[in-house]
Amino acid sequence: MLLCFPSIAIFVACCPDEAAVSADQNGCPEQFLSPRDQCCDSRVLHVILQELGTFTPEEVTRTLPTEGYGQVLSSFVPIFGNYLRDSNALDMLVWRSFTLASLNSALWNVDRVKDKLLLMRTFEDARSLLREAVQSSRQLARAIFRAENYQALVLSHKVYADGERLQGFDPEKIRDTFSPVMERYLSGVRMHDYLVYSVVPELQQVAHPVHRGASNFQGHVESVSLMVVSLG
């Protein structure tokens, strides 16, 4: 796939900025340490990222046919994060891929929660699904935050490239660059609201009926006790 390296993960591990961390400290397998000088070319990574496009199931399956979609997305997020931290923090294509992979991974997990919601039958199912829904909402919130940071980065990059000032800069100038992320970002915001304001509260009510019932029962007992005192 990547000439000298069999996967994106090994490429990232073996090609950090040596000023930040050495390849062996970064987890590069010993057999891949020697050809680094000939193989660590970001253009090779960019070709793969362009093939992956916006990380839709069709694009990921076409590029990596033997891998599961959810597994690929969940593995890409830390890989791209490590590349930006250790190799090139200003690689705009990797930033775009990092943002899209984060959003798509989070949305994929939300879809799993929605599917399980339809199959929920017991209190234990509700408790388990509640934990998953809370984790999914937190993951989605992080992905949304990354998308907002990416928009600010794209805007700043365009302002600098055009030699203009940020104040008064027309954000429409970054529409073509940001639009693939914007679509997933808007879906993420809608799904986050759905989880936080609908799914999680409903699951909390279903998962903990005993506590709610005990509270109501306690209230009835207190009312009866007061009535006895009044009548005494």
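Let's begin with helix H3, spanning residues 42-52, where Val44, Leu45, Ile48, Leu49 and Leu52 are the buried residues. Looking down the axis of H3, these buried residues fall within an arc of 135 degrees, so they line one face of the helix. That buried side packs against H1, helix H4 (57-63), helix H5 (69-86) and helix H6 (92-119). Turn to the face pointing away from it, and you will find the exposed residues Arg43 and Gln50. Just after H3 comes Gly53, which takes a positive phi of about 60 degrees.

Now step back to the whole chain, keeping in mind that this is a predicted model. The protein has nine helices and zero strands, so its pattern along the sequence reads simply α-α-α-α-α-α-α-α-α. Of its 232 residues, 36% count as buried. Among contacts between residues at least 6 apart in sequence, 65% join residues at least 24 apart.

Finally, have a look at Phe5, in the segment before helix H1 (8-14). Is Phe5 buried or exposed? With a relative accessible area of 1%, Phe5 counts as buried, because the cut-off for that label is under 20%. Leaving aside its neighbours within four places in sequence, Phe5 is in contact with Ile10, Phe11, Cys14, Cys15, Phe32, Cys39 and Cys40.

Note on methods. Residues numbered from 1 in each chain as written. Predicted model: local features only at pLDDT ≥ 70, side-chain atom pairs only at ≥ 80, totals over all residues. Heavy atoms only, no water. Helix = DSSP H or I, 4+ residues; strand = E, 2+ residues; numbered from the N terminus. Buried < 20%, exposed > 50% of the residue type's maximum accessible area, 1.4 Å probe, protein only. Contact = heavy atoms within 4.5 Å. Arc of directions from axis to C-beta.
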